[in-house]
Amino acid sequence: MNQSNKILNNNITHLVSQPYKYGFSTTIEKDIIEKGLNEKVIRLLSEKKNEPRFLIDFRLKAYKKWKGLKCPEWAQLKFSEIDYQNIIYYSAPKLKKKLNNLEEVDPELLKTFNKLGISLSEQKQLTNVAVDAVFDSVSIATTFKQELAEYGVIFSSISEAIQEYRGLIEKYLGTVVPSGDNYFSALNSAVFTDGSFCYIPKDVSCPLDLSTYFRINDENSGQFERTLIIAEENSQVTYLEGCTAPQYDSNQLHAAIVELIALNNATIKYSTVQNWYSGDKKGQGGVYNFVTKRGLCVGNSSKISWTQVETGSSITWKYPSCILVGESAQGEFYSVALTNNYQQADTGTKMIHIGKDTRSHIISKGISAGNSKNTYRGFVNVNKKAIGARNYSQCDSLLIGNLSNSNTFPFISVHNCTTKIEHEASTSKIGEEQIFYFLQRGISLEKGIELMISGFCREVFTELPLEFASEADRLLSLKLEGSVG
Amino acid sequence: MNLNLPILEIKELRASTNNNEILRNLNLTINRGEVHAIMGPNGSGKSTFSKIIAGHPAYEVLSGDIIFKGSSILKLDPEERSHLGIFLAFQYPIEIPGVSNEDFLRLAYNSKQKFLQKREVDPIEFFSIINEKLKLVDMSSVFLTRNVNEGFSGGEKKRNEILQMILLEAELSILDETDSGLDIDALKIISKGINNFMNSNKSIILITHYQRLLDYIKPDYVHVMQHGKIIKTGTSELAKELEIKGYEWLN
């Protein structure tokens, strides 16, 4: 390493020591099921939630499938084996009585969410976003439910939906991501505890953005949430997801499923800013994030758009996908994945073209700093019958420093000759001379990097809802401060 | 501030990179209002010299001192040196993808404003400030929307450097081969910009290989650098002599 690199690296160490802002934990009385995974635990969990018969069967079937599956090894990820018997599958804050309104929520919990910038109390709620707050295994509160109900929009925790909208759950749960789809989806299907449910009726454009905030609190519990969004004909919805976790030396497992269903002419826009704890500078601790997200564009001219900003987790394994069944259906994937220190991310998308004139658009931006590993993995599949299908993919990687690693695995499979596919890729590096150019013009290192990163990510950030865009910008520069070397 | 003090004094400066000594006992004094040209064969240490004054982290000062406006700047970071008024026009201005020239220039301008404890300007105010300066180097405002130096021709890159020098009101400007790669028209535009900018309060160091530039910008002194030190100093006549005889005769 030459001298100037050394100097810049010293700067890094100094600046990267930015503490993780959300690393605190909350002490609260909990109702838990003892560690371990077996049929009994699943039955107990289902019992606690007072679930209908079909759901117990769904869970047990998934558990059987899971036992027959193996943890996938094809990803560019290295991690020690997960001991599934050493995880708590149900951990919920003890509720003193049934809640009638938000004011009755345990003040400790309200305080926790306040600290995270999510206010659940009536006076301070965000005015244009309805929030479902999930704490470990359960949903704590959902805001603006009444207001949304006037439009026929259902926005509730999935546990509540299972009780109140059984028909919809039974009809749609597991239709986009079958329980046996993969190892982690089988696990989630067996033990999922809570999550959000959204239903947008025909011809309704949801008047508020819907949002779920996921918080892992307990050191030994896994979070297995499940989100189901159904957009009926001619409806529209924008959904945001945020996540944080306390700072522990051990790893927490997060294995979620998100299923989206868009009927004729419906549009679902799903955005995530993922900021789980990513481990310390040496790679100790952090969340293992194994998530299956998939959208089904079953209706003609339906549209599903995924936007993700992945900055946290020690391991990210995630491929938000679209199955384009309806004629002229559209799938979009906009992603910024940033890894620093010893983080590993293997993320990308699948676009499955089945219907005629289906279109998909992929923009992926990977930024790797420190000793991290950042992989884009994409699969574009155009079916025989997808006449006139089109896909555009762009994968850009930005390397910071000499020790980071970036991979791109785009896989394209086309089965008819009327398809138009475009793929572009680039790799660049923030170099010492660029930094010096900024410094010489009197611009600080932090400002310079911020400007370069936000330039690199612009195409994705413009897709984020306003509330998230500035947050994402800030988050990235915070995560990257000083990581140039 | 004492304006009679030399703006820059370099005293017995020795500097190295990767254990390779590049500047060997270099002495130079520059007063306000002066233009100095530094010439010399390839590899004599001219570009290194400019980067060391600007504080490039790849170079280590072994001994000696650099005094700017009366105080040593050896311990200052590159950005602090910039705020004090040192400007380096790069020989090869680097491209910065994804960052618009306008944002870059505004950030540089506001960083300086902040240092001077002056109010930072918003994009609209800045637009009128920069538009005035653009005229001085004959550039159109379309130029602002393009990414910094990305896809710029050689001439455009050099003009962009001069634009920044003017914008930041640099007190000591080091122009590292600003003339190389320019056609006659571009050279004239740039020289005009530099001459208009220059006054009795400022100083300029021109690093060049060619007499041609010195026809447009008349230096007060011409120095010849070789093996990391200045071996001869003269007036503009020296440059003409070098053009004919080369550097060999000096040895």
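Q: So, in β14(A), which residue is the bridge partner of Thr272(A)?
A: That's Gln308(A), sitting in β14(A). Keep in mind that this is a predicted model.

Q: Which strand does β14(A) pair with there, and how many bridges are there?
A: Strand β12 of chain A, residues 267-274, is joined to β14(A) by eight bridges, and the two run parallel.

Q: And towards β17(A), how many bridges are there?
A: Eight bridges link β14(A) with strand β17 (residues 330-339) of chain A, in a parallel arrangement. One pair to look at there is Glu310(A), which stands opposite Ala337(A) in β17(A).

Q: Is β14(A) largely enclosed or exposed?
A: Largely enclosed by the rest of the structure, because eight of its eight residues, 303-310, are buried.

Q: Which residues cover each face?
A: On one side you have Lys303(A), Ser305(A), Thr307(A) and Val309(A). Ile304(A), Trp306(A), Gln308(A) and Glu310(A) are on the other, and all of these are buried.

Q: What about β21(A) and β23(A), how many bridges?
A: Eleven, again in the parallel sense, with β23 of chain A spanning residues 420-430. Ser393(A) is bridged to His423(A) in β23(A).

Q: Switching to helices. At what angle do α3(A) and α8(A) cross?
A: Roughly 150°, and their axes come within 7 Å. Here α3 is residues 53-68 and α8 is residues 183-191 of chain A. The crossing of α3(A) past α8(A) is left-handed.

Q: Which residues make the contact?
A: From α3(A) it's Phe58(A), Arg59(A), Ala62(A), Tyr63(A), Lys65(A) and Trp66(A). From α8(A) it's Tyr183(A), Ala186(A), Leu187(A), Ser189(A) and Ala190(A). By class, that contact between α3(A) and α8(A) has eight nonpolar residues, one polar and two charged.

Q: I also flagged Val204(A). Where is it?
A: In the loop between β6 (196-200) and β7 (209-215) of chain A.

Q: Buried or exposed?
A: Val204(A) is buried, because 20 other C-beta atoms lie within 10 Å. The cut-off for buried is 20 or more.

Q: What does Val204(A) touch, leaving out residues up to four places away in sequence?
A: Tyr151(A), Gly152(A), Val153(A) and Ser235(A). Lys171(A), 33 residues away from Val204(A) in sequence, is 21 Å away in space, C-alpha to C-alpha.

Q: OK, where does chain A meet chain B? How many residues does each supply?
A: Chain A puts 22 residues into the contact and chain B puts in 24. On the chain A side, α1 (3-16), α9 (432-440) and α10 (445-461) each supply at least two residues. That side of chain A has nine nonpolar, nine polar and four charged residues.

Q: Now chain B by itself. How many helices and strands?
A: Nine helices and twelve strands. The C-alpha trace of chain B spans about 55 × 40 × 35 Å along its principal axes.

Q: What's the radius of gyration of chain B against a compact globule?
A: Chain B has 18 Å, which agrees with the value near 18 Å for a compact globule with 251 residues. Of those 251 residues, 44% count as buried.

Q: What order do the strands of the open sheet in chain B follow?
A: β2-β1-β4-β5, with antiparallel pairing. β2 (20-30) and β5 (71-72) of chain B stand at the edges with a single partner strand each, so one side of each has no neighbour in the sheet.

Q: Which strands does α1 of chain B lie across?
A: Helix α1 (residues 46-54) of chain B lies across β1 (8-17), β2 and β4, at about 70° to β2(B).

Q: Last one: Ile22(B), in strand β2 of chain B. Buried or exposed?
A: Ile22(B) counts as buried, because it has 22 C-beta neighbours inside 10 Å. His227(B) is 205 residues away along the chain, yet the C-alpha atoms of His227(B) and Ile22(B) are separated by 7.2 Å.

Methods:
Residues numbered from 1 in each chain as written. Chains lettered and ligands numbered in written order. Predicted model: local features only at pLDDT ≥ 70, side-chain atom pairs only at ≥ 80, totals over all residues. Contact = placed C-beta atoms within 7 Å. Helix = DSSP H or I, 4+ residues; strand = E, 2+ residues; numbered from the N terminus. Nonpolar A, V, L, I, M, F, W, Y, C, P; charged D, E, K, R; others polar. Rg over C-alpha atoms; globule rule 2.2 N^0.38 Å. Buried ≥ 20, exposed ≤ 12 C-beta atoms within 10 Å, placed from the backbone. Pairing = 2+ DSSP bridges. Axes fitted to C-alpha atoms, helices over the stretch in contact; angles between N-to-C directions. Left-handed = near helix turned anticlockwise from the far one by under 90°.
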